[in-house]
Amino acid sequence: MTSPVLDIAGLEATYRVGGTERRALHGVDLQVAPREIVGVVGESGCGKSTLASAILRLLPPGGRITRGRITVDNQPVLELDTEQMRRIRGPGAAMIFQDPFTSLNPAFTVGYQLGLACSSHASDGASTSQLQADVVGALHRVGIPDPERAAQAHPHQLSGGQRQRVMIAMALLLRPRLLIADEPTSALDVTLEAQILRLLRELRDEHGTAILFVSHDLGSVAQLCDRVTIMYAGRVVESNGVGSLYATPAHPYTRALLAAAPTWRRDGDELATIPGRPPSLTAPPPGCAFAPRCRDARQVCEAGEPSLVPAAGGTARCLIHDPASAYHRSSEASAREVPR
Amino acid sequence: MTGGPLVTMDAVSTHFNAPSMFDRRPPVRAVEAVDFVVEPGERVALVGESGSGKTTLVRTMLGLTHASAGTVHVAGVNVHESSRRTRRRLRRSAQMIYQDPHASLSPRHRVRALLTEPHRIHRIPAEQQWSVEELLDMVELTDEQADKFPHELSGGQARRVSIARALSLRPKLLVADEPTAGLDVSAASAILNLIKRLSQQMDMAYVMVTHNLNTVTFAADRIAVMYLGTIVENGPVRDVLERPAHPYTQALVDALPEPDPTQRRDDLPLPGEVPSARRPPSGCRFHPRCPIAVDRCTDEVPLLTPIVSADRHAACHLSEHVLEEQPT
């Protein structure tokens with residue numbers, strides 16, 4: 001087996017807000033193999049963006065990695081100095097964000113920034129004209145109309161969809177081993193979303209780039225990913241191949257998410273929702289974090305935190321799948337009524 | 001009040017940035033010759049890509065943006081040619097909720113003050129006023145929320161406050177511009193459930209701007225699809241989505257990512273992007289992106305005409321062909 005491009009083990013991260021510590025990540029394990037596209041799915045506040053930013057040590061101010069190990073392309077990210085880190089970002093791993101406006105410098109043209117990104121990481125001294133041709137070629141490739149003119153444009157002169165495609169053009173030029181995409185299509189129309197998903201797939205197919213795709217949209221994840229990790233309250237609650245995860249979701253939260261994904265083909269008087277709200281990260285409940293919202297929860301679920309156990313061909317953090325658990329003892333078997 | 005439509009927009013155009021001596025570029029034709037009707041109690045979804053003119057159309061409907069041509073009547077009032085006093089009456093019968101609730105709620109006021117403000121502005125007699133508790137209960141918030149400031153509310157809660165504010169005047173029409181933008185799926189569904197239930201209870205019509213086609217069959221009775229400032233198709237929502245008569249509607253439906261990994265698409269439903277509204281393409285505005293365009297489409301502007309049934313319209317020279325291609 002080839003070593004994974006991304007290997008995360010036991011990762012913990014906290015944010016300091018006011019005087020309180022919020023635990024944003026809680027012992028997260030995650031691997032991404034070369035050429036693999038892995039989806040990370042969850043509601044806002046589940047830690048998926050924190051996880052994505054932590055990989056390249058780009059946590060916002062107040063955020064801190066407190067424990068764990070991150071390996072990108074066989075390099076221990078958390079032990080590198082600034083210069084070594086700079087060399088990882090780019091050819092090793094690149095990141096695209098939900099709002100590409102914040103990742104482009106408003107003072108320089110798009111073409112200049114793309115060229116700069118390439119030249120600063122290129123080992124051979126490519127000529128300026130070659131760089132320019134590459135940049136225009138990449139912009140053309142991502143479907144930006146009139147790429148020569150777009151290269152001369154400043155970021156504010158492009159639409160949101162165009163800026164997102166500029167970021168993907170940068171990824172095409174850098175050909176990173178790992179691309180971290182944090183909600184890259186959430187702000188876009190479905191037509192543009194389809195174009196971006198296709199570009200990401202081509203990036204993988206042609207350059208073998210592994211992709212960590214963070215999203216809350218089960219539709220685009222189903223269309224793009226090979227494997228899916230579901231997060232809840234800073235923990236991984238389920239991981240499986242995309243086919244099994246959608247066909248036989250093992251964790252009650254995954255089931256609830258899938259049931260709540262609206263589709264126009266479905267009829268009904270009400271759209272399905274998940275009752276309740278995600279728990280507080282400052283004072284998380286003692287047992288399973290999802291128990292207060294779970295329709296299958298029993299008393300024992302609130303006692304201690306379940307661990308990840310094999311389920312439906314993948315893993316799930318739920319006592320239902322732990323045969324040794326007290327959950328399955330008949331004396332406990334009366335399902336608790338969950339208040340809505 | 002008469003029994004006619006609640007909203008009648010007749011050949012309405014909204015153009016921005018007319019040419020001047022400093023900027024000789026042609027104006028942005030955000031909305032172009034649109035006819036649009038909303039019946040009392042009707043729920044309408046307005047869909048289309050960014051830049052299609054959805055928001056401009058609803059703002060023009062309520063007189064928040066000036067119409068360059070055409071007339072708009074809402075609840076019997078000519079929106080663009082009425083006195084201040086009449087317009088104030090109009091605001092009572094037609095309310096709007098905006099995309100970003102935090103931007104539309106004053107950060108200095110508590111929820112209690114925000115909820116009673118509309119009553120004060122419109123000088124609603126005390127016996128007709130709803131209490132703060134009634135309004136909070138209506139949008140499924142608890143009494144404790146009354147003393148909070150907007151920044152202490154979650155996105156979903158802030159939206160509920162906006163809805164309660166808008167509905168406190170018992171409007172006949174609610175215009176909601178992307179009311180679920182930025183919310184998690186479950187929270188968004190809860191907001192749509194709420195708006196629909198309240199519209200049924202209060203016998204209120206709404207026009208909802210959205211780009212989420214997955215929820216429109218639930219939220220709306222009728223759908224209007226916009227492209228580059230014009231309505232290209234409208235009709236009963238399920239009929240339109242199941243058998244689109246316009247290639248643009250078809251492309252929007254096809255572009256929806258199915259939450260099913262066994263149904264992956266490899267083809268691209270619609271390449272390119274919405275062109276500039278300063279220089280819209282000739283003929284049918286959709287022709288440069290249309291997979292089935294013929295010569296006629298580049299010359300001749302297609303008009304919105306009845307197709308299949310009296311309540312369905314499409315603006316496409318090839319509608320018959322589009323419908324034939326689909327399984328029935």
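1. Asp203(B) is exposed, with 59% relative accessible area (exposed is over 50%, buried under 20%, partly exposed in between, 1.4 Å probe, protein chains only). Its phi is positive, near 55°, and the residue is not a glycine. Asp203(B) sits in the loop between helix H7 (185-202) and strand S8 (205-209) of chain B. Helices (H or I, at least four residues) and strands (E, at least two) are DSSP runs, numbered from the N terminus.

2. Basis of the note. This is a predicted model, where local features need pLDDT of at least 70 and side-chain atom pairs count only at pLDDT 80 or more, while totals for chains, interfaces and linings use all residues. Residues are numbered from 1 along each chain as its sequence is written, chains are lettered from A in the order in which they are written, and side-chain values use heavy atoms, with hydrogens and water left out.

3. Arg123(B) also deserves a look. Its phi is positive, about 50°, and Arg123(B) is not a glycine. Most residues other than glycine have a negative phi. Arg123(B) lies in the loop between helix H4 (111-121) and helix H5 (132-138) of chain B. Arg123(B) counts as exposed, at 65% relative accessibility.

4. Interface area. Chain A and chain B bury about 3,500 Å² between them, 52% of it on carbon and sulfur atoms. Buried area is the accessible area (1.4 Å probe) that two parts lose on being put together, summed over both. Gln223(A), Trp264(A) and Leu271(A) supply 24% of the area chain A buries against chain B, more than any other three residues. The contact (heavy atoms within 4.5 Å) takes 44 residues from chain A and 42 residues from chain B.

5. The interface of chain A and chain B has 3 salt bridges (a side-chain nitrogen of Lys or Arg within 4 Å of a carboxyl oxygen of Asp or Glu). One of them joins the side chains of Arg165(A) and Glu273(B), at 2.5 Å, N to O. On the side of chain A that touches chain B, the elements giving two or more residues are helices H6 (160-174), H7 (190-207), H8 (218-224) and H9 (242-247) of chain A.

6. Core. The largest nonpolar core has 68 residues (buried Ala, Val, Leu, Ile, Met, Phe, Trp, Tyr and Cys residues joined through side-chain atoms within 4.5 Å). H6(A) gives the most to this core, with 8 residues. Val228(A) is among the residues with the most contacts inside the core, as is Tyr246(A). Beyond four places in sequence, Val228(A) touches residues including Val41(A), Leu245(A) and Tyr246(A).
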